[in-house]
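Try each task before you read its solution.

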Amino acid sequence: MPTNVTPEYKKAEEAYRKAREPRERLDCLREMFRTIPKHKGTEHLQADIKTRIKQLTEELAGPKKGGRRTGPSLVVHPEGAAQLCLVGPPNAGKSSLHQQLTGSHSDVGPYPYTTQLPAPGMLPYEDIHFQLVDLPPVSGDFMEPWLVNALQPADGVLLVVDINDPDCLEQVPTILGRLAEKKVFLATTWPGQAPTEPVEPSETDDPFRLELPTVLIANKSDLDPDPEEVEILEELLGLRFPTLTMSAKSGDGLGELGPFLFRALEIVRVYTKTPGNPADNDKPFTVRRGSTVFDVARLVHKDIARGLKFARVWGADVFDGQQVGPEHLVSDGDLVELHL
Ligand SMILES: Nc1nc2c(ncn2[C@@H]2O[C@H](COP(=O)(O)OP(=O)(O)OP(=O)(O)O)[C@@H](O)[C@H]2O)c(=O)[nH]1
Ligand SMILES: [Mg+2]
């Protein structure tokens, strides 16, 4: 954090860190630029903010006519309970997993660099969905310049490797390095999991530092890898990502991803009803642990959040129909009736 920034700037930065929607992020960036003290000590940050404003403006403007960036958008608008990006070396099976997990038609090929564009898909879990975004590979030779932008809205990363390929020992550090150059860090800790290794205090003074909770997906388990291969890999890498072993081919382990993400991201499902009407039991809103009735109201509609007086809640931690204020913390499975 450059010295002498105003509380106004800090507030804008805080809002930027929380924003997920591209348009909201752009507004926050503009506010950051407006409020940042314009002196020598903030020159780098000013330039960084300007670059990001430019990138996001272009992204939101859509494909340029006659420009290089024609065709589909390169950043996937987040949907569902959380967005997870598939990152990994070429041929690890990212697209195959994406197909199996989401029913997408992501391109699969026996040769490297098959995937060239991001592809969204939805992984169902109980009555919610996680959005999985298939991405092109990252290698020492090549990384799409837009790839780090595509990671910005993500809530986490699925780091996919072919566990039978001895090259993954070099591929993983290469990927971590390439992303780190662009200020994207794959973190071993998730909100809902006890840290697997001591967490070093991160340098949080850079608003553009992005830390993404990451799960290592050891794919192609059908090829009969040494059962200890994953541990050996993590040992040699000196990293302790949570790991899931899978096979896109045999289907082994695919069912574990949904429950893992639900727990690790501390997803809380909240069902809503309007006074006098039955509950909307099949489509919950999703928030994270620590969220309030007000946060839920905001998901329903911002005018409802603005006018919210109180709520009645049915659920595990309350008595039936208990009246609570907007700051009441919600629990998974709560039914909330919003009163304006
Ligand atoms: N045996 C086996 N083969 C797999 C598995 N998953 C993927 N494959 C094969 O591995 C090759 C690469 O699969 P893709 O899904 O295209 O891999 P990718 O990581 O998306 O590759 P890029 O898009 O080039 O980065 C294909 O020939 C797949 O059939 C698996 O679990 N087991
Ligand atoms: Mg692919």
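A residue is called buried when its relative accessible area is under 20%, exposed when it is over 50%, and partly exposed in between, using a 1.4 Å probe and protein chains only. This is a predicted model, in which local features need pLDDT of at least 70 and side-chain atom pairs count only at pLDDT 80 or more, while totals for chains, interfaces and linings use all residues. Residues are numbered from 1 along each chain as its sequence is written, chains are lettered from A and ligands numbered from 1 in the order in which they are written, and side-chain values use heavy atoms, with hydrogens and water left out.

**Exercise 1. Aromatic rings**

Find how many aromatic pairs the structure has, then describe the pair formed by Tyr16 and Phe208.

*Step 1.* Start with the rule: rings of Phe, Tyr and Trp (its six-membered ring) pair if their centres lie within 6.5 Å; planes under 30 degrees apart are stacked, those over 60 are edge-to-face, and the rest are tilted.

*Step 2.* Searching the whole structure with this rule gives 5 aromatic pairs. In one of them, Tyr16 and Phe208 sit 5.5 Å apart centre to centre with 80 degrees between the planes, which makes the pair edge-to-face.

*Step 3.* Now place the two rings. Helices (H or I, at least four residues) and strands (E, at least two) are DSSP runs, numbered from the N terminus. Tyr16 belongs to helix 1 (residues 7-18), whereas Phe208 is in the loop between strand 5 (184-187) and strand 6 (210-219); the pair links distant parts of the chain, 192 residues apart.

*Step 4.* Check accessibility. Tyr16 counts as buried because its relative accessible area is 6%, and Phe208 is buried at 2%.

*Step 5.* Look for a cluster as well: ring pairs join Tyr125, Phe130 and Phe262.

**Exercise 2. Charges over rings**

Which rings have Lys38 and Arg209 over their faces?

*Step 1.* A charge sits over a ring if NZ of Lys or CZ of Arg is within 6 Å of the ring centre and within 35 degrees of the ring normal.

*Step 2.* For Lys38 the ring is that of Phe33, with 5.0 Å to the ring centre. For Arg209 it is that of Phe185, at 3.9 Å from the ring centre.

**Exercise 3. The magnesium ion**

Which residues coordinate the magnesium ion (ligand 2)?

*Step 1.* Donors are N, O and S atoms within 2.8 Å of the metal (3.2 Å for Na, K and Ca); water is not among the atoms, so sites may look incomplete.

*Step 2.* The ion is coordinated by OG of Ser95 and OG1 of Thr115, at 1.9 to 2.1 Å. These residues are 20 apart: Ser95 lies in helix 4 (residues 94-102), and Thr115 in the loop between helix 4 and strand 2 (119-125).

*Step 3.* Both residues are buried, Thr115 with a relative accessible area of 11%.

*Step 4.* A polar contact is a pair of N or O atoms within 3.5 Å; within protein, one must be able to donate a hydrogen and the other to accept it, and residues adjacent in sequence count only if both atoms are side-chain atoms. The side chains of Thr115 and Ser95 make such a contact, at 2.7 Å.

**Exercise 4. Helix 6**

**Exercise 5. Positive phi**

What is the phi of Asn91, and what is that of Lys183?

*Step 1.* Most residues other than glycine have a negative phi.

*Step 2.* Asn91 has a positive phi, near 70 degrees. It is found in the loop between strand 1 (83-87) and helix 4, partly exposed at 32%.

*Step 3.* Lys183, also not a glycine, has a positive phi of about 70 degrees. Its place is in the loop between helix 6 and strand 5, and its relative accessibility of 25% makes it partly exposed.
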